[in-house]
Amino acid sequence: MKMLNKLLSLFLLGLLTISCGGENQTNNSSTRVDEIKKTGSVSGMYEYEDNETTITVNISGDAYSSTVKINGRTFSTGSGAVIGRGLYDESGNIKIGDIREGFIRMSFASHGQIRLNKRD
């Protein structure tokens, strides 16, 4: 139980780090559309899994939803905007991840930089 509490604390710290330390960007809508046209579709399900944690991000068009499970139990859910090849918070101002060819790269204080692979 102590390990789970420690992991939850580290995860919450990671979310706080992402929210406060993200990249603040301003994009106009025409730039967003042009970026998406250049990069192609990024829609689909992406997943990271280790012994205790599963992080799933589902991208559909210009939005995403995410779920974090620890030991099989849903710990948190979230959603935000997809702008070009970036994942942003709901406001579209704070960048929290990068979409690459077949994977997403995100940073968490508890796990460092992680890679969520696209599922077929």
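Biologist: How many aromatic pairs does the count come to?
Modeller: The count comes to zero aromatic pairs. Keep in mind that this is a predicted model.

Biologist: OK. Which ring does the charged end of Arg 115 sit over?
Modeller: That of Phe 103, with the charged end of Arg 115 placed 3.7 Å from the ring centre.

Biologist: Let me step back. What does the secondary structure of the chain come to?
Modeller: Two helices and nine strands. Along the sequence they follow the pattern α-β-α-β-β-β-β-β-β-β-β.

Biologist: And how many of the residues count as buried?
Modeller: Of the 120 residues in the chain, 32% are buried. The chain exposes about 7,200 Å², and carbon and sulfur atoms supply 48% of that area.

Biologist: Which residues touch the most other members of the largest nonpolar core?
Modeller: Val 57, Ile 59, Leu 87, Ile 104, Met 106 and Leu 116 do, in a core of 18 residues.

Biologist: Which strands each supply at least two residues of this core?
Modeller: Six are on that list: S2 (44–49), S3 (53–60), S4 (63–70), S7 (94–100), S8 (103–108) and S9 (112–118).

Biologist: Back to Leu 116. Where does it lie?
Modeller: Leu 116 is in strand S9.

Biologist: Why does it count as buried?
Modeller: Because the relative accessible area of Leu 116 is 0%, and buried means under 20%.

Biologist: What is Leu 116 in contact with, leaving aside neighbours within four places in sequence?
Modeller: Tyr 46, Glu 47, Tyr 48, Ile 55, Val 57, Gly 102, Phe 103, Ile 104 and Met 106. Phe 103, in that list, is also the residue whose ring has the charged end of Arg 115 over it.

Biologist: Switching to Thr 54: buried or exposed?
Modeller: Thr 54 is buried, because its relative accessibility is 17% and the cut-off for buried is under 20%. Its place is in strand S3.

Biologist: What does Thr 54 touch, not counting residues up to four places away?
Modeller: Glu 47, Tyr 48, Glu 49, Thr 67, Val 68 and Lys 69. Glu 47 and Tyr 48 are also among the contacts of Leu 116.

Biologist: Last one, on contacts between residues at least 6 apart: how many join residues at least 24 apart?
Modeller: In this chain, 42% of them do.

How values were computed:
Residues are numbered from 1 along each chain as its sequence is written. This is a predicted model: local features need pLDDT of at least 70, side-chain atom pairs count only at pLDDT 80 or more; totals for chains, interfaces and linings use all residues. Side-chain values use heavy atoms; hydrogens and water are left out. A nonpolar core is a set of buried Ala, Val, Leu, Ile, Met, Phe, Trp, Tyr and Cys residues joined through side-chain atoms within 4.5 Å. Buried means under 20% relative accessible area, exposed over 50%, partly exposed in between (1.4 Å probe, protein chains only). Helices (H or I, at least four residues) and strands (E, at least two) are DSSP runs, numbered from the N terminus. Contact means heavy atoms within 4.5 Å. Rings of Phe, Tyr and Trp (its six-membered ring) pair if their centres lie within 6.5 Å; planes under 30 degrees apart count as stacked, over 60 as edge-to-face and the rest as tilted. A charge sits over a ring if NZ of Lys or CZ of Arg is within 6 Å of the ring centre and within 35 degrees of the ring normal. Accessible areas come from the Shrake-Rupley method with a 1.4 Å probe; for residues, only the protein chains shown count as cover.
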